[in-house]
Amino acid sequence: MGKRAALATYDKEFSFVSPVVKYLLFLFNLIFWMISLVLMSVGIYAMKHAEAAMACLAVDPAILLLIVGVLMFFITFCGCVGSLRENICLLQTFCIFLTIIFLLQLATGVLGFVFSDKARNKVSEIINNAIVHYRDDIDLQNLIDFGQKEFSCCGGVTYTDWSQNMYFNCTTDNRSRERCSVPFSCCLLSKDEAVINTMCGQGIQELPYLQAGAFIHTNGCIDKLVNWIHSNLFMLGGIALGLAIPQLVGILLSQILINQIKDQIELQNYNLQHRTDPWQ
């Protein structure tokens with residue numbers, strides 16, 4: 001308390017709260033608050049009917065964007081208002097949520113590495129669920145087509161996984177025009193083709209594996225995805241670090257500001273208690 005008494009004696013306008021820390025934290029949150037608004041806008045714009053959205057909640061990109069956007073909006077709102085108003089409660093809420101998210105990301109990465117087989121099964125489950133709902137959502141459809149073209153693959157484990165979809169399955173009672181077919185994104189397309197034949201996967205599932213390989217990519221996307229991850233560990237590590245650094249910066253700045261505000265409150269209380277002190 002001696003330090004605060006000396007400061008109170010010689011400088012009544014002194015503040016422990018650093019404007020640099022305060023407005024740096026505000027700017028930090030403002031940037032991510034605007035990003036959250038963009039994510040929410042895109043998610044709302046891309047969202048389909050509620051029934052279709054709930055059917056493929058776990059794999060719908062629009063729903064995922066909306067959830068991430070809402071979560072970011074709430075957290076950064078607490079950070080923005082808390083830093084400007086020097087509100088300890090809001091700053092602590094911001095810090096706690098950011099810490100929880102960081103720890104969850106860290107735990108997910110560690111568990112995914114340790115239990116790689118279970119993680120692979122979970123990825124398989126998500127991909128199979130996406131295949132089932134392929135025709136239910138145009139955003140999900142575009143995402144799957146992009147993935148299959150990018151990784152030169154078809155289905156989860158193999159191209160016959162597309163039989164899980166009601167339009168592509170090979171049952172005799174399926175009267176769909178796409179019966180026993182696969183999406184055009186599975187096809188072996190020439191870069192010289194000006195027009196893409198979207199019917200190139202027609203009836204492919206009825207062909208033996210070797211014959212089908214002349215027309216489509218027969219390898220599943222799960223193996224291709226795992227191989228891609230193993231080949232790009234350094235890049236993925238850099239992305240993870242890039243996501244972690246802003247979170248750690250936000251946690252650090254908020255804790256510094258919280259401690260400064262607490263010191264300032266103690267100083268103000270001290271001044272109130274000693275403002276009639278004849279020694280001042």
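View 1. At 12% relative accessibility, Cys221 counts as buried, where buried means under 20% relative accessible area, exposed over 50%, and partly exposed in between (1.4 Å probe, protein chains only). This is a predicted model, in which local features need pLDDT of at least 70, side-chain atom pairs count only at pLDDT 80 or more, and totals for chains, interfaces and linings use all residues. Residues are numbered from 1 along each chain as its sequence is written, and side-chain values use heavy atoms, leaving out hydrogens and water. Cys221 is joined to Cys153 by a disulfide, S to S 2.0 Å; a disulfide here is a pair of cysteine sulfur atoms within 2.5 Å. Cys153 sits in the loop between helix H7 (138–151) and helix H8 (209–212) and Cys221 in helix H9 (residues 221–231), so the bond ties together parts 68 residues apart in sequence. Helices (H or I, at least four residues) are DSSP runs, numbered from the N terminus. Cys153 is buried too, at 0% relative accessibility.

**View 2. The disulfide of Cys170 and Cys180.** Here the sulfur atoms are 1.9 Å apart. Both cysteines lie in the loop between H7 and H8, 10 residues apart. Cys170 is partly exposed at 26% relative accessibility, while Cys180 is buried at 1%.

**View 3. The disulfide of Cys187 and Cys200.** Look for a right-handed link, with 105° about the S-S bond. Cys187 and Cys200 are both buried.

**View 4. Cys78, a cysteine in no disulfide.** Its nearest cysteine sulfur, that of Cys89, is 8.3 Å away. Cys78 is buried, with a relative accessible area of 4%, whereas Cys89 counts as exposed at 54% relative accessibility.

Note on methods: Helix = DSSP H or I, 4+ residues; strand = E, 2+ residues; numbered from the N terminus.
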